[in-house]
Structures are given as C-alpha cells and as structure tokens.
Amino acid sequence: MIHTSNVNIKNKRATFDYEISDRYIAGLQLYGTEIKSIRAGKASLVDTYCLFEHGELWVRNMHIATYFFGTYNNHDVKRDRKLLLNKRELDKLEKATKETGYTIVPLRLFINEKGLAKLEIGVARGKKNYDKRQSLREKDDKRDMDRAMKY
C-alpha cells in the first residue's frame, strides 16, 4: 500500500539563522490524533529545537494543532516528542552538540512513501549577521539570474 502525500512543512528560519553541516532523517513517536493533524498539514516548526535527555533525542516546541474530530483523547499541542534514530546516529549527534556553537534544528516535517511522519534534522551552527546578509545577497542574485534566464 503506497501513500502519496504532499505534506512538506519546512522551517524557513533554520537555513537563514543557521549553517547546516549534517542532515538526518528521524522518525517521530506520535499519538493517533497527532499523525492525523500532520496529514491535514496542521503543524509548525517555528521556534522548534532538539535536545538530548538521558541519551534520547527530543524535539521541543513543535506545534501540532489539535485534531478537529479528536475527542477527550486529543493530544497536547506543544508536548515534547521523542525522535527515533539508531544508536550510532544518536551517538554522532550527541558528540556534535557537545562541541561549542553546534545545535540540532528541525528542518522539515514530511510524510514518507510508507505513510510515516519523518522529521529532517540538521546539525547547525549559528550564523553571524554578516553571514545572513551574504545569504540574502546570494538569494537575490539567484532570483535575478532566474528572471534574466526567463526572458
């Protein structure tokens, strides 16, 4: 049974505020009403971050709206959710975050071809203001070149 889903929720601030070095795809431990809300596209990655607690990776502040048809079983909107990665990936990520200036940020929430919710996370380092200006300049240049190619 192949699911085709167009759910692709991005964290646009992540690539602007951070320089991403490594990317990983992690599973999410979700309740039934949470996955239904995600499939409806009712989730947000604004102000979301990841942290380690007792050797497990958790995502904080991820907003998944309450499911409209959910009853008393509905989930808490901003609860901490466990990320599912294998041990080797977890060790690599934990070692990377111990270095100064590095953090783990969620980049994209999507539904894979099997119908499972996945979160793309990245090991990131914060950008300085001049780096952000450089990113904006590159983005503007690329847009101008694309416009020139169109005509």
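Is Asn 11 buried or exposed?

What you see is a predicted model. The protein chain has 151 residues, and 32% of them count as buried. Its secondary structure comes to 4 helices and 9 strands. Read from the N terminus, the order is β-α-β-α-β-β-β-β-β-α-β-β-α. The C-alpha trace spans about 50 × 45 × 30 Å along its principal axes.

Take the contacts with a separation of 6 or more: 66% of them join residues 24 or more positions apart. The chain exposes about 10200 Å², with carbon and sulfur atoms supplying 50% of that area.

Now charges. There are 31 positive and 21 negative side chains. The centres of the two sets lie 4 Å apart.

Back to Asn 11. Asn 11 is buried, because its relative accessible area is 10% and the cut-off is under 20%. It sits in the loop between strand 1, residues 8-10, and helix 1, residues 12-17. What does its side chain reach? The backbone oxygen of Leu 45, at 3.5 Å. Setting aside residues up to four places away in sequence, Asn 11 touches Leu 45, Pro 106 and Leu 107.

Next, the core. In soluble globular proteins, nonpolar side chains tend to be buried together. Here the largest nonpolar core holds 27 residues. Which of them touch the most other members? Leu 57, Leu 83, Leu 93, Leu 109, Leu 119 and Ile 121. Strand 9 gives the largest share, 4 residues.

Beyond four places in sequence, its contacts include Cys 50, Leu 51 and Phe 52. They also include Leu 83, Leu 93 and Ile 121, which are themselves among the residues that touch the most other core members.

On to backbone angles. Most residues other than glycine have a negative phi. Two residues here go the other way. His 54 has a phi near 55°. Asn 61 has a phi near 65°. Where are they? His 54 is in the loop between strand 4 (49-53) and strand 5 (56-60). Asn 61 is in the loop between strand 5 and strand 6 (63-64). How accessible is each? His 54 is exposed, at 82% relative accessible area. Asn 61 is partly exposed, at 29%.

Asn 61 leads us to Lys 78. Which residues does Lys 78 contact, leaving aside neighbours within four places in sequence? Asn 61, Met 62 and His 63. Lys 78 lies in the loop between strand 6 and strand 7 (81-84). It counts as partly exposed, because 42% relative accessibility falls between the 20% and 50% cut-offs.

To recap. Asn 11 is a buried loop residue. Strand 9 supplies the largest share of the core. His 54 and Asn 61 carry positive phi values. That's my tour.

Terms used:
Residues numbered from 1 in each chain as written. Predicted model: local features only at pLDDT ≥ 70, side-chain atom pairs only at ≥ 80, totals over all residues. Heavy atoms only, no water. Helix = DSSP H or I, 4+ residues; strand = E, 2+ residues; numbered from the N terminus. Buried < 20%, exposed > 50% of the residue type's maximum accessible area, 1.4 Å probe, protein only. Polar contact = N/O pair within 3.5 Å; in protein donor to acceptor, adjacent residues only side chain to side chain. Contact = heavy atoms within 4.5 Å. Core = buried A, V, L, I, M, F, W, Y, C linked by side-chain atoms within 4.5 Å. Areas by Shrake-Rupley, 256 points an atom, 1.4 Å probe, with all protein chains shown as cover. Lys, Arg positive; Asp, Glu negative; His and termini not counted. Charge placed at Lys NZ, Arg CZ, Asp CG, Glu CD.
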